[in-house]
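Reader: I have a model open and would like to go through its side-chain packing with you. Could you take me through it step by step?

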Amino acid sequence: MPYIELTKKNQNSFIFFLSKDRFSFHHKQISEMMRRFVLLIVMILSGFSYGCYQKDIVTPGQIHQRRPVQRRPVQQRPEQQGLKVESGAVTDDTNVHYTDKYCMVCHEQTPQKGNKFLKYEEDYKQLCRCHYKTAKRDVHPTDVEAPKGFKKRMPNDFPLRNGKIACITCHDVFAQCRDSKPKDAFKRERNFLRGGPYKKQITLCFKCHDNTKYEKFNPHKQLDKNGKIIAKKCLYCHKKVPDVKTEEFKDVALIGGLGPLCLRCHHKEDKTTLHAKHLRKPSDKVLARIKQMEIEFGIVLPLDDDGKITCATCHNPHEKGVIPAERAGAKGADEEHRNRFPGNICIKCHQM
């Protein structure tokens with residue numbers, strides 16, 4: 001660069017020019033850097049958004065090519081494979097039927113043709129234990145040999161287990177396993193009764209039992225058309241026909257407790273709940289009232305062996321004319337419902 005001699009005036013002008021140029025230069029440099037920085041940020045954000053977008057968008061041709069999420073397999077014991085079980089404890093109140101959630105309650109593993117893999121060595125008292133614990137009615141005897149007469153009448157599809165009657169003799173519980181939908185078995189017969197559904201459940205009983213030996217009769221109708229006592233009716237409750245002229249209630253011999261004798265037919269869970277509430281020991285106050293009524297009205301209000309009120313306490317089980325009218329045991333035989341008291345029987349013991 002050639003040497004230039006500057007005057008003071010020229011020197012000042014040159015310095016201003018240099019300063020203005022330097023400011024202009026720095027301004028352009030900063031603007032370029034800012035532009036590049038902003039562009040870089042935009043590129044980074046665009047790439048991030050594009051990546052997120054790509055995770056959610058899959059072309060139709062790639063739908064079946066997506067890689068499934070790998071999950072750690074649940075370890076199962078061999079006997080659990082193929083079976084289902086509901087979470088939580090199974091109690092005696094749980095209905096394990098008509099669903100595939102509780103297979104493991106009875107089976108060790110998935111049943112196969114010729115082997116059901118039942119628990120408890122196929123002991124149905126264990127397999128059907130809920131019914132033995134919570135049944136509200138008497139359970140039919142099981143694990144007993146079928147009498148010869150039964151075997152002749154029993155249908156071929158009523159199986160015995162080792163020659164003995166079991167739950168599966170009358171109940172085809174495996175119907176729920178064979179059906180594609182367990183509830184289909186429920187629609188046909190809710191108790192899995194073989195040969196069902198039945199209009200009357202007692203029809204099933206006579207598949208094995210001789211119905212001529214189980215003719216229903218009213219044990220309270222104890223006189224024939226000539227007014228004579230039918231001994232057969234007496235023996236429904238008594239060990240022998242009582243002497244109605246001399247024997248008192250304390251003298252007669254019954255075949256069982258007074259309470260169970262009545263409850264064979266008059267079930268304590270009958271719709272008439274008022275009756276069921278009376279089947280208990282009376283309070284001292286009511287007991288004293290009962291004794292007072294027996295003396296006052298010349299009647300008998302018997303309690304059972306445990307001192308509890310039972311059906312015969314308030315109702316006379318004998319037909320009018322069986323016991324001589326002058327005797328205490330005859331009172332109430334001609335009343336409505338055979339109440340031992342005439343009129344409102346409740347107020348005789350309860351003060352209202």
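Reader: To begin, how many aromatic pairs does the structure hold?

Author: This is a predicted model, and the structure holds 2 aromatic pairs. In one of them, the ring centres of Tyr98 and Phe192 are 4.9 Å apart and the planes are at 25 degrees, so this pair is stacked.

Reader: Where in the chain do Tyr98 and Phe192 lie?

Author: They come from distant parts of the chain, 94 residues apart: Tyr98 belongs to the loop between α1 (8–56) and α2 (124–127), while Phe192 belongs to the loop between α7 (182–188) and α8 (202–205).

Reader: Is Tyr98 buried or exposed? And Phe192, buried or exposed?

Author: Tyr98 has a relative accessible area of 12%, which makes it buried, and Phe192, at 7% relative accessibility, is buried as well.

Reader: What about the rings of Phe297 and Phe341, how are they arranged?

Author: Their centres lie 5.3 Å apart with the planes at 85 degrees, so Phe297 and Phe341 form an edge-to-face pair. This pair also links distant parts of the chain, with Phe297 in helix α12 (residues 284–297) and Phe341, 44 residues apart from it, in the loop between α13 (311–314) and α14 (346–349). As for accessibility, Phe297 counts as partly exposed at 32%, whereas Phe341 counts as buried at 2%.

Reader: Let me turn to the nonpolar packing. Which residues of the largest nonpolar core touch the most other members?

Author: That core has 17 residues, and Leu118, Tyr124, Leu127, Ile168, Phe174 and Phe192 are the ones that touch the most other members. Phe174 is the residue whose ring has the charged end of Lys116 over it, and Phe192 is the stacking partner of Tyr98.

Reader: What is Tyr124 in contact with, if we leave aside its neighbours within four places in sequence?

Author: Its contacts on that basis are Leu118, Arg129, Tyr132, Arg161, Ala166, Cys167, Ile168 and Phe174. To follow one of these, Ile168 is found in helix α5 and is buried, with a relative accessible area of 11%. The C-alpha atoms of Ile168 and Tyr124 are separated by 8.3 Å, although the two residues are 44 residues apart along the chain.

Reader: And what else does Ile168 touch, not counting residues up to four places away in sequence?

Author: Besides Tyr124, Ile168 touches Pro159, Val173, Phe174 and Arg194.

Reader: Changing topic, where does Pro302 lie?

Author: Pro302 lies in the loop between α12 and α13 and counts as buried at 5% relative accessibility. Neighbours within four places in sequence aside, Pro302 is in contact with Phe249, Leu258, Glu294, Thr310, Ala312, Thr313 and Arg340.

Reader: Before I rely on any of this, what pLDDT does the protein average?

Author: The average pLDDT is 76, and 73% of the residues score at least 70. Over residues 1–23 the pLDDT stays under 50, and the model has 2 contacts beyond four places in sequence for them. Residues 48–81 also have a pLDDT below 50, with 9 contacts in the model beyond near neighbours in sequence.

Reader: And the overall picture: how many helices and strands are there?

Author: The secondary structure comes to 14 helices and 2 strands. Of the 352 residues in the protein, 22% are buried, and among contacts between residues at least 6 apart in sequence, 46% join residues at least 24 apart.

Technical notes:
Residues are numbered from 1 along each chain as its sequence is written. This is a predicted model: local features need pLDDT of at least 70, side-chain atom pairs count only at pLDDT 80 or more; totals for chains, interfaces and linings use all residues. Side-chain values use heavy atoms; hydrogens and water are left out. pLDDT is the predictor's confidence in each residue, from 0 to 100. Contact means heavy atoms within 4.5 Å. Rings of Phe, Tyr and Trp (its six-membered ring) pair if their centres lie within 6.5 Å; planes under 30 degrees apart count as stacked, over 60 as edge-to-face and the rest as tilted. Helices (H or I, at least four residues) and strands (E, at least two) are DSSP runs, numbered from the N terminus. Buried means under 20% relative accessible area, exposed over 50%, partly exposed in between (1.4 Å probe, protein chains only). A charge sits over a ring if NZ of Lys or CZ of Arg is within 6 Å of the ring centre and within 35 degrees of the ring normal. A nonpolar core is a set of buried Ala, Val, Leu, Ile, Met, Phe, Trp, Tyr and Cys residues joined through side-chain atoms within 4.5 Å.
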